[in-house]
Amino acid sequence: MQGNRGLQQNHGPARQPGPADQKKPVGKNTNGQQPEPIEQSNPNEALTFDLQNFRKPGEKTFTQRSRLFVGNLPTGVTEEDLEKLFAKYGKVNEIFINKERGFGFIRLETRIIAEIARAELDDTPFRGRPIRVRFATHGAALTVKNLPEFVSNELLEEAFAVFGQIERAVVIVDDRGRPTGKGVVEFTSKPAARKALDKCNDGAYLLTAFPRPVTVEPMEQFDEEEGLSEKLINKNQQYHKEREQPPRFAQPGSFEYEYAMRWKALMEMEKQQYEMVDRNMKEAQEKLEAEMEAARHEHQVMLMRQDLLRRQEELRRMEELHSQEVQKRKQTELRQEEERRRREEDVRMRNEEMMKRQQEGFRGNFNENREQDMRMQMGGHGIPMNRNSMSGNSGPAGSTNMSGESAPLMQGPGNASVPGGGQSGFPRGFPGPGDYGPNKQRRF
């Protein structure tokens with residue numbers, strides 16, 4: 001910053017030329033030669049810089065971190081005047097002036113450019129009054145505490161982006177790069193910061209698997225760079241009273257020494273109380289973590305038991321479905337077997353019926369054919385036929401039918417007695433009803 005202040009001195013208002021700086025009339029010098037013209041250089045033109053070199057890769061522009069407060073402004077200063085004052089530092093996004101109280105705000109492109117502008121313009125005269133340039137208070141910045149160990153800048157920004165647009169999210173680390181459990185989140189607007197503050201205070205916002213919620217508070221902003229200079233102290237009566245004595249060590253046995261030691265004892269007590277509170281808090285945190293681990297183990301066991309019961313229930317349900325499916329399959333097979341047997345029984349009965357009908361038809365045809373053959377054979381031998389005697393039915397007692405008793409028998413050469421003598425077509429006599437049974441063969 002001191003180097004920047006040196007640049008500021010070079011960039012101050014141009015000095016009015018004095019008599020010694022007046023140009024001499026152009027003419028020949030003492031040697032009679034024409035002198036070379038002297039160029040008048042502008043100090044502001046010599047000290048220029050490229051603003052692109054002061055922008056970090058991926059850095060957001062025109063944020064609250066690049067917003068400057070400008071105080072002790074002269075009366076009648078307009079926004080155009082303030083913009084011209086900061087024109088050297090690039091584009092300007094916001095300009096506000098309170099003419100009644102003599103201060104204003106201006107927002108530059110990046111934080112580094114704003115730091116350069118503050119270093120160069122702070123305490124510089126502007127229209128006869130030294131102006132004060134400071135970084136404006138970030139009204140949408142929050143401090144996040146109790147961060148878990150493995151939270152990074154990216155995760156912190158991702159976690160709080162649900163409440164609104166974020167300009168910057170940083171996890172604070174110590175000089176060795178170890179996380180301190182604290183972080184800073186800067187929103188672009190105050191409503192988003194207020195929403196995040198209310199939501200996190202009302203609920204328990206967790207960033208990782210570790211069930212410890214974060215604590216969100218408005219960020220306390222301090223100026224650790226400029227501090228308080230002597231010229232800014234209000235030099236009232238109390239100031240002069242305090243400054244009567246220079247810095248010194250209190251002499252033992254004196255009034256100052258006695259009360260200085262009592263103050264030291266009180267501060268030591270305060271330190272011990274803070275240390276005791278820290279130890280108690282640390283023990284309480286360790287106890288809570290142990291209880292949490294035991295409860296987590298028990299919770300996991302309970303979840304595993306519930307999962308096992310659920311799987312057993314699913315297995316039982318699947319077995320029931322399988323048994324139902326097997327029963328349905330068996331019933332279907334039984335129905336199919338019964339249907340097959342019924343069809344086979346129907347086929348068998350139809351076949352028996354057909355065979356019975358065929359046998360009855362064959363028997364009737366056989367009897368008719370037998371009777372025709374007998375008539376033809378008996379008619380050929382001159383034997384009268386009686387249909388009744390052929391069918392086995394005896395006539396009345398007084399009938400004159402041919403019989404073995406009414407006709408004389410004649411011996412033939414075949415040792416068979418036939419009426420009327422001679423050889424008959426029936427060597428064994430007339431066939432009786434028993435010769436025409438269904439299982440009888442023809443014997444002629």
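Biologist: How many helices and strands are there in the chain?

Modeller: The chain has 9 helices and 12 strands, taken as DSSP runs numbered from the N terminus (helices H or I, at least four residues; strands E, at least two). This is a predicted model, where local features need pLDDT of at least 70, side-chain atom pairs count only at pLDDT 80 or more, and totals for chains, interfaces and linings use all residues. Residues are numbered from 1 along each chain as its sequence is written, and side-chain values use heavy atoms, with hydrogens and water left out.

Biologist: In what order do the strands of the open sheet come?

Modeller: The order is β2-β3-β1-β6, 4 strands with antiparallel pairing; two strands pair if DSSP finds at least two bridges between them.

Biologist: Which strands stand at the edges?

Modeller: β2 (94-98) and β6 (132-135) do; each has a single partner strand, so one side of each lacks a neighbour in the sheet.

Biologist: And how many bridges join β1 to β3?

Modeller: 5 bridges join β1 (residues 67-71) to β3, and the two run antiparallel. Val-70 is opposite Gly-104 in β3.

Biologist: Switching to Thr-110: where does it lie?

Modeller: Thr-110 is in the loop between β3 (103-107) and α4 (111-121).

Biologist: Buried or exposed?

Modeller: Thr-110 counts as buried because its relative accessibility is 1%; buried means under 20% relative accessible area, exposed over 50%, partly exposed in between (1.4 Å probe, protein chains only).

Biologist: What share of the chain counts as buried?

Modeller: Of its 444 residues, 22%.
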